[in-house]
Amino acid sequence: MRLFGAVAAVLVVVLCVGGWLLMYGTGDKTPANGKPTAAPQAPDDIRETVEKLPSTPEGELAAGWMVEHLEKTTDVNPRYTPGTWATGKIFAKGIADEIVGFKVDRYGGDKAWTLKLGGHICATTKHVTADGRTAVVVQPPKPKGSPTEGVCDEVVFFDIDTGKKLWQSKMPEATSAFVTNTNLTMTRGTVAVAWDQGSVAYDMKDGKQLWKSTGVSQCEDHGFAGGRALLALVRCGSMPDVTYEVQKLDPRTGKAKWTYKVGKGITTVYLPSSDPPVLAVGAGDTTVTDLITLDADGKHSATISLHGESYDPMCGVRYSSTSRFGVVENCDAMVVGRTEIFVASKVGSESGQEANWIMGFDVATGKTLRKFNGREGQPVYPLRTSGDQLLVYRATRDDIGPSAVISLDPRTGKETPFLLFRLPDDSSSDRQFGDPDKSDIIVEQGRVYFAKRELVADFKYPEDPVRAFLGIASSATMRSAK
């Protein structure tokens, strides 16, 4: 009954859309970047989807997967669900030791396939190839008490549309690779993994090893950033005298094209973008205090101060669920475009601000460009670029109105609604969906997906199934889907 109630609540959006469109502007039925199509990509390229605006922004609940038997899970011992991917045909979610694919249609939520991994997921990547493939690192079962118990040493590469395992390769000499230190990424034609004391790269085509770096050394690969290029975060020395370097690598050989030495006193480094190269750094703890941009040759371009911690890019280890499955690329409230960086400010009692904002910074100079304001009770979070537009999630309390994904034009500041919707909040578990701290939020092929990073039984109804993800689609799309 609670599920039916949530679906009914979504329909209220239709009554609200008229007023909201007056606030946002109606826009038109062109792609979100104002251009008819995206530049063509090769199958092995990392996908850069350009979204088309739905014909109507009214959103409907299009999918929702219920997970049974969580009575024994608690806040201390949750069931982890790492990995969230989508194509135009399938939404896929990792949970424990398997990945499940769901059909993307008007009856969304039906399982299309289940891929058994033979071990729990240790690391995932947000990257997907242009033809819909991605990878995970898994932890094969080992004898209890074995020296390799808990080691994460196998890479699985699979097709999201079919659920077919394309290849599985064992990582060499990965006896120190665990869920807390294994980082996985992809760039064109290459899958790369690092685990503090080693790294390895594979050919996407057949899983054959391209290169490796293992053994004891003063400097070790700590993690990689992929996408348009491949950057390595290299950690040198031991505590308390650790220093970092960033290298641009040839993905096929592993050889460094350039090296940038991070200044002393920096204790935390993330790599939210490989091209343009951007570092998110902090001194003293895990809090990011500055962004550093580099040019194409690895030379320093700009340092952007995050103004006494006014901003919160939501990077890695501050968040318990993300810190377990690779953190080097994970900055959930920051998006890097070709020429701009978009960072969300803090919101709520911690910052003393009732409304937050997103600030755009110039990659080359670090100068502030345009500020996009949230509203009281409606914080904003950047999701990703779509061509030359920025897709933004606007969270909203139920008593204010529907939540939204909007398309922002960084040049003009124009806001165009992409989807307007209400998220179910009839249980403590469901309320996690709208929280970027606790859920993956992705936009793909006209749909918005909210997927929890961990599942915990609802404290009021501990024996009830728990909803693991939600899909939102335009009501017009739902009517036309077959």
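A disulfide is a pair of cysteine sulfur atoms within 2.5 Å, and I began my notebook with this term.

**Entry 1: ground rules**

I noted that this is a predicted model, in which local features need pLDDT of at least 70 and side-chain atom pairs count only at pLDDT 80 or more, while totals for chains, interfaces and linings use all residues. Residues are numbered from 1 along each chain as its sequence is written, and side-chain values use heavy atoms, with hydrogens and water left out.

**Entry 2: disulfides**

How many disulfides does the structure hold? I found 3 disulfides, and with bonded cysteines counted along the chain they follow the pattern 1-2, 3-4, 5-6.

I looked up cysteine 122 and cysteine 152, whose sulfur atoms are 2.0 Å apart, and the link of these two is left-handed, with -70 degrees about the S-S bond. Cysteine 122 lies in strand E7 (residues 120–124) and cysteine 152 in the loop between strand E8 (133–139) and strand E9 (154–159), so this pair ties together parts that are 30 residues apart in sequence. For strands, I kept in mind that helices (H or I, at least four residues) and strands (E, at least two) are DSSP runs, numbered from the N terminus. Cysteine 122 and cysteine 152 are both buried, where buried means under 20% relative accessible area, exposed means over 50%, and partly exposed lies in between (1.4 Å probe, protein chains only).

I then turned to cysteine 219 and cysteine 236, which are joined by a disulfide with an S to S distance of 2.0 Å; with 115 degrees about the S-S bond, the link of cysteine 219 and cysteine 236 is right-handed. Since cysteine 219 lies in strand E15 and cysteine 236 in strand E16 (residues 231–236), the pair ties together parts that are 17 residues apart in sequence. Cysteine 219 is partly exposed, at a relative accessible area of 30%, whereas cysteine 236 counts as buried at 7% relative accessibility.

Cysteine 315 and cysteine 331 also form a disulfide, with sulfur atoms 2.0 Å apart, and this disulfide is right-handed because the torsion about its S-S bond is about 105 degrees. Both cysteine 315 and cysteine 331 lie in the loop between strand E22 (300–305) and E23, so the pair ties together parts that are 16 residues apart in sequence. Cysteine 315 is buried, with a relative accessible area of 2%, and cysteine 331 is buried as well, with 7%.

**Entry 3: two open sheets**

I reminded myself that strands of a sheet pair through backbone hydrogen bonds, either parallel or antiparallel, and that two strands count as paired here if DSSP finds at least two bridges between them.

Strand E17 (residues 243–249) pairs with E18 over 5 bridges in the antiparallel sense, and valine 246 has tyrosine 260 in E18 as its bridge partner.

Another open sheet of 4 strands runs in the order E19-E20-E21-E22, and its pairing is antiparallel. Here strand E19 (268–274) and E22 are at the edges with a single partner strand each, so one side of each lacks a neighbour in the sheet. Strand E20 (residues 277–282) and strand E21 (residues 290–294) are antiparallel and share 4 bridges, with leucine 279 opposite isoleucine 292 in E21.

**Entry 4: strand E24**

Why is strand E24 (residues 340–344) largely enclosed by the rest of the structure? I found that 5 of its 5 residues are buried, so E24 is largely enclosed. Glu340, Phe342 and Ala344 point one way from E24, while Ile341 and Val343 point the other way.

Strand E23 (residues 334–336) pairs with E24 in the antiparallel sense over 3 bridges, and the two form a hairpin with 3 residues between them; methionine 334 has valine 343 in E24 as its bridge partner. E24 is also joined by 5 bridges to strand E25 (residues 357–362), with the two running antiparallel, and isoleucine 341 stands opposite phenylalanine 361 in E25.
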